[in-house]
Amino acid sequence: FYHMDLYGSKERFDIFPEELSGRGDRSRGDTRREPALSSEKVQRPQEAGYDLEKEVAELAKMYGLDEDREKELELLEGHLEKVESRWPRARTEKAGPQGSIHNSSKSSSSGKDPSQSTKQQGLPDEASQGENQSKARADDEAESNIWSRGGLSSGGMSDEWNSQAVSEEEEEEEEEEEEEEEAADVFCSTCKIPIRAFDKLFGEHKDHEVAQLPSAVESEKEEIHKNMCKLEEQIAQMENVASHLEEIFITVEENFGRQEQNFEVHYNDAVQVLAQKYEEQLEALGEEKRQKLEALYEQLVSCGKHLDTCKELTDETQELFLENDKAEFMKTLIFFPYNYRLEEFLKKEVDLELSTLPDFEERVIDVSEVEQLMNSINAIPAPCAPVINPQAPNAATGTSLRVCWGLFSDDTVECYQLCYKPVSNERHSDEQAEHTLKVKETYCTITDLVPNTQYGFWVSALNASGISPPSERAVYVTAPSPPTIKSRKIRSCESAALVCWESRDINPVDSYTVELAKLTDEENGDVITESIVGIPNCEVLIHLQPTQKYHVCVRAQNLGGSSERSEPVLIHTTGTCFYLNEDTAHPLLAILDDGFTISCDELENPECDLPVYDNSFTRCIAILGSLIPFPGKHYWEVEVEEDTEYRTGVAFENTPRHGHLGANNSSWCMRHIITPSRHKYEFLHSGMTPDIRITIPPTRIGILLDYENCRLSFFNADIAQHLHTFNSHFQHYVHPCFALETPGILRIHTGIATPPWTAL
């Protein structure tokens, strides 16, 4: 038994040898020689004083057996009894000589090659064991080798001991096989491995967080899918970056071409200017040369003529001087023109100075224009024209506009020049004042404007090289002014309301928006509960809930945006509300400040000459209320005095203004007149009335208009008494009507809930 073979053998952990069967056959064939070798190897370590117990302890520690030392001692002492109890003697004898030969071979080779010994022991069981049990079997065989070495240290192991070790190993392998047959069915989130549910309950994963294996798989797949999506997003981003870089490359090439063209144009201009300057200076120099030469030539010609005259006079003088005849000499001197010519010639002053100097003037070349051109030759060309954006929705208020533009080039811009003026269709629109602003950004907010007004804007870009052409003009419009609700023309009932308003702007708007706020308490009284948008006209019919209070506001809309809210009006839906139409009032009829009380002071001249409107009553001192355009039932009351004669009821819009109420087929009314004997009440329609006597004169008359049932009823509201009912089919909506036949006062009460006693 060589310890160096134990520590140095390369086949020590070779659990699955490739030539297992060959080695097994070879081991079986050499069994006769191995006992002798085994006994010889056992004697060598004993002679050398080799410590087998220490070796066994090291092997036990290596394979995890030192943790249960008590079990080890128990196995060493009582191993034989356990084997005899578990394995019958018949099975031990059944192994026969072959088992003893095998064990002998094992004991002899364990000291030389433990791995080979392990392989040989595993051969008889290999046919019945799967590959998945190989690792467990190798550990058990290693443990068997430990006990084998322990037996060798005490003097050797018998064949019966070897057979019981093999049987115990087989039993343990069967138990482990049963345990491993149970597959992993949960996933340990802490260790990130699949485990059995048993390990969660009783094993080392007891305190770990686990999840069902399918759900863990789905979770991991979702995580993988998310990662794939992230990778795809990164791929898309990188592709976008790559395409952007390609565009930058193209832009760089385009900019280079533009700059090159810019340099070429500017340098050509400078060279052209220099050539022009050269030609001009050369021409001026040639002209100066010509003038000098002409002056010198004229002076030279004059000098030649003077010289010829001098020579001629000299010759004549010499001839005269040589005359010998004195008489002839004096005669010639006196009478010959020579003397005159000589005197005249000598009187002339000869100009001996040069008419011109040979030097040319020093010419200063003006290169300022060239310098300007040279200074303009730089890498920053004048910018291109900006592009002004169309007006964005809701980007304006009543007095301000936000204008935006862009520069679709890489030109360098120091600032922008924004110009604007109002747009008008009138002839003097060109005379409108033009405003100019300089801004650094590509946007600007202009304030102090007129509401609902169009303005034209254009913008230019500036840099050191110059200013760009102006952009195309864009028309912006400011938001409208808040509308004004006509509170006197609002009509309402228990389920609806008709709201009217007027615009404060000269220019028309696109539409209106009505906002409703239901008043339930002080906390949420201003919360908008409903909005009606896209209203083209200045009135709208709104459906409401009965017995509620509403705040109603109106906004005007155009392309620029929405106006501020109008002043809110309060609408009650407890009953029908209407107002008196002043345009229909007779000139003698007055409306008091509350808007619901009418009075008449005198009736002496009903057909007086007071101003009369086109829609006013001219004969009957009457007035119409607002139209009641809501289906259903409507109730109001009229407070009267016993000594006042009056008429009250309803009438169509086209009821004649020159007649009396109730005297035509377009009005229905109750009339009260006082006779000497009694108070007389008539219920008139088309001038006809039924014979009805009322014993208790009413001071508060209730009127119920029922469109659906085609009824108009009158009641004595003081005692809840029904007076009369007209049954008539109203082809159109009607107006309440009121008239006074004697001086007096009528008070109208609206917004009253329909009393239950009005049901007929």
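## A tour from the helical stretch to the salt bridges

Begin by selecting residues 268-299, where the chain is 100% helix and 0% strand and where the end C-alpha atoms are 47 Å apart; helices here are DSSP runs (H or I) of at least four residues, strands (E) are runs of at least two, and both are numbered from the N terminus. For these residues an unreviewed UniProt entry lists "coiled-coil region", an annotation that may be inferred rather than shown by experiment.

Before going on, note that this is a predicted model, in which local features need pLDDT of at least 70 and side-chain atom pairs count only at pLDDT 80 or more, while totals for chains, interfaces and linings use all residues. Residues are numbered from 1 along each chain as its sequence is written, and side-chain values use heavy atoms, with hydrogens and water left out.

Next, select strand E15, residues 511-518, and go to Ser 511. Ser 511 has a relative accessible area of 16% and is buried, a word that stands for under 20% relative accessible area, with exposed meaning over 50% and partly exposed in between (1.4 Å probe, protein chains only). Leaving aside residues up to four places away in sequence, Ser 511 touches Gly 534, Ile 535, Arg 555, Ala 556 and Gln 557, where contact means heavy atoms within 4.5 Å.

Now show the side chains of Glu 515 and Arg 565, which meet in a salt bridge at 3.1 Å, N to O. Because Glu 515 lies in strand E15 and Arg 565 in the loop between strand E19 (561-562) and strand E20 (569-572), the pair ties together parts that are 50 residues apart in sequence. Glu 515 is buried at 10% relative accessibility, whereas Arg 565, at 39%, is partly exposed. The structure holds 11 salt bridges, each defined as a side-chain nitrogen of Lys or Arg within 4 Å of a carboxyl oxygen of Asp or Glu.

Move on to Glu 741 and Arg 671, whose side chains form a salt bridge at 3.2 Å, N to O. This pair links distant parts of the chain, 70 residues apart, with Glu 741 in the loop between strand E31 (735-740) and strand E32 (744-749) and Arg 671 in strand E26 (residues 667-674).

Finally, select Glu 682 and Lys 680, where the side chains meet in a salt bridge at 3.4 Å, N to O. Glu 682 counts as buried at 10% relative accessibility, while Lys 680, at 28%, counts as partly exposed.
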